[in-house]
Amino acid sequence: MQIAVVGSGYVGLVAAVCFAEMGHSVVCVDNDERKVKALQGGDTLIHELHLPELLKRHLNDGVRFTSDLAEATRTCQAIFIAVGTPQSETGDADLSYVEAVASKIARHMTSYKVIVEKSTVPVYTNEWIRRVIERNGVAREMFDVVSNPEFLREGTAVMDFLHPDRIVVGSETPRAAAVLAEIYAPLTDGSYYTTPNAIAGSFSKDAPPPLLNTSTKSAEIIKHASNAFLALKISFINAVANLCEATDANVEQVARGMGLDQRIGSRFLRPGIGYGGSCFPKDVAAFRSVADQLGIDFSLLNEVEKINWRQKARFLGKVRSALWTLRGKRLAVLGLAFKGGTDDIRDSPAVEMVQMLLAEGCSIRAYDPAAMERTKHVLPPAANLSYAENEYDAAHEADALLVLTDWKEFAELDLARLNQTLKYPIVIDGRNLFEPAVMQQHGFTYLSIGRPTVSPLRETVGTALAQA
Ligand code: UDX
């Protein structure tokens, strides 16, 4: 099928390339000429597993890039809107980009089109898109508006797209539902998984992913409710972690014990310095705002946000408890991205922590495998902030090392070397990447989230002193 995807951000670009991978002919539209040029040259612009390889495989064959929305509208039967819905000052999603795209599509429609909202949008957006198109003089029978939310996570976006837990299609007419069913058929009938070089994952020809047909409003709510629920799970385990700290219990054991209950599930029960990224903070705020506007008391979401914010303040307190005063302390920071596996620093708790520590008068040498360039564009250059070549370079002569992002490679560091590199062997881990007993054996004072703090064993200290 001929598909247009409007917007080449995380969602739009991944959708465009993956639709091509599923055998469709895709045109991806963006009004940013610089981006279009880069994509035409094969540069994905974002750090995302499998994306460069798939873009190379389909560029100019299955997928092409343009800034011409009018032409894309004329030639494609299905048009996916995947433009940004940033948070406005009131917490609402700003839908002006969605509206602008809908109006433009309306002005260039010459035959029946299915317009699909893929961006995360509040309930009733579908209805608004329909009204905007009708206001532009298009007859109702010439189009349908479908809600097809995307659940992809950054870092595993391609896998999430091609191996989705579920595909949600919210539509009001059988003909629109049929178009979406055809688009996703390679996944739902399993045929994609038998193609040569198919991206492997949890689904297969014999066990394909399910497609759930719903009303448009239900689909819109599914997206916001899912993200809000996952954020709630994280805030819940963070609150439990704090309880564990107060009682000398171990949150990892508690989370495991809870997660083994299949009704709860073990995923998204990792405590840390709070959730961040381009979705959770924005979507929780937007969902709360929708509830407010509808007169529904959903103050539970305020608590989710409050716990998330306090988690960062608590971590700062932890650093203080380990180092006493902060002014003039030299800290190694591992991690700037909002989570491991991505270069994205939007609403990154790690970057916020760095800002808080700089404000306290610390000097920071930071390292991140992918997010340093982006951080340099956001944080103003400062004498007390520098960027390291690698983890050990960051740790060199530091008063303590802070782990702020869950990059896999941090968990694999050579602990003996790390100990020797630091001025004081103190590690404050906001992501629980290490085992306290192992850190203790390696001579560290180790503070983490929701687990007892450990100090070096006497004999380790003795050996270190003897060696010194
Ligand atoms: C999220 C949703 O998972 C995805 O379905 C949606 O489409 C977009 O938003 P993403 O923002 O890429 O995806 O990241 P995710 O992996 O969900 O993590 C979000 C934040 O929560 C990160 O800061 C992460 O570090 C944190 N997190 C996640 C935890 O603190 N603990 C956990 O157990 C899981």
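**Entry: helix H13**

I started with helix H13 (residues 349–359), where nine of the 11 residues are buried, so the helix is largely enclosed by the rest of the structure. A reminder to myself that this is a predicted model.

I listed the buried residues of H13: Pro349, Ala350, Val351, Glu352, Met353, Val354, Met356, Leu357 and Leu358. I noted that a charged residue, Glu352, is among these buried ones.

What do the buried residues of H13 pack against? I found two helices on the list, H12 (300–323) and H14 (372–378). I also found strands E9 (330–334), E10 (363–367), E11 (385–387) and E12 (400–403) there.

I then looked just past the end of H13, where Gly361 takes a positive phi of about 95°.

**Entry: the ligand**

Next I turned to the ligand and its shell. I see 18 residues around the ligand, with Phe151, Leu152, Glu154, Arg270 and Lys339 coming nearest. By type, the shell divides into nine nonpolar, seven charged and two polar residues. Which helix gives the most to this shell? I get helix H9 (residues 216–247), with three residues.

For Leu152, I find a polar backbone atom 2.8 Å from an oxygen atom of the ligand. For Leu269, a backbone N or O atom lies 3.4 Å from a ligand oxygen atom.

Methods: Residues numbered from 1 in each chain as written. Predicted model: local features only at pLDDT ≥ 70, side-chain atom pairs only at ≥ 80, totals over all residues. Heavy atoms only, no water. Near = heavy atom within 4 Å. Polar contact = N/O pair within 3.5 Å; in protein donor to acceptor, adjacent residues only side chain to side chain. Helix = DSSP H or I, 4+ residues; strand = E, 2+ residues; numbered from the N terminus. Buried < 20%, exposed > 50% of the residue type's maximum accessible area, 1.4 Å probe, protein only. Contact = heavy atoms within 4.5 Å.
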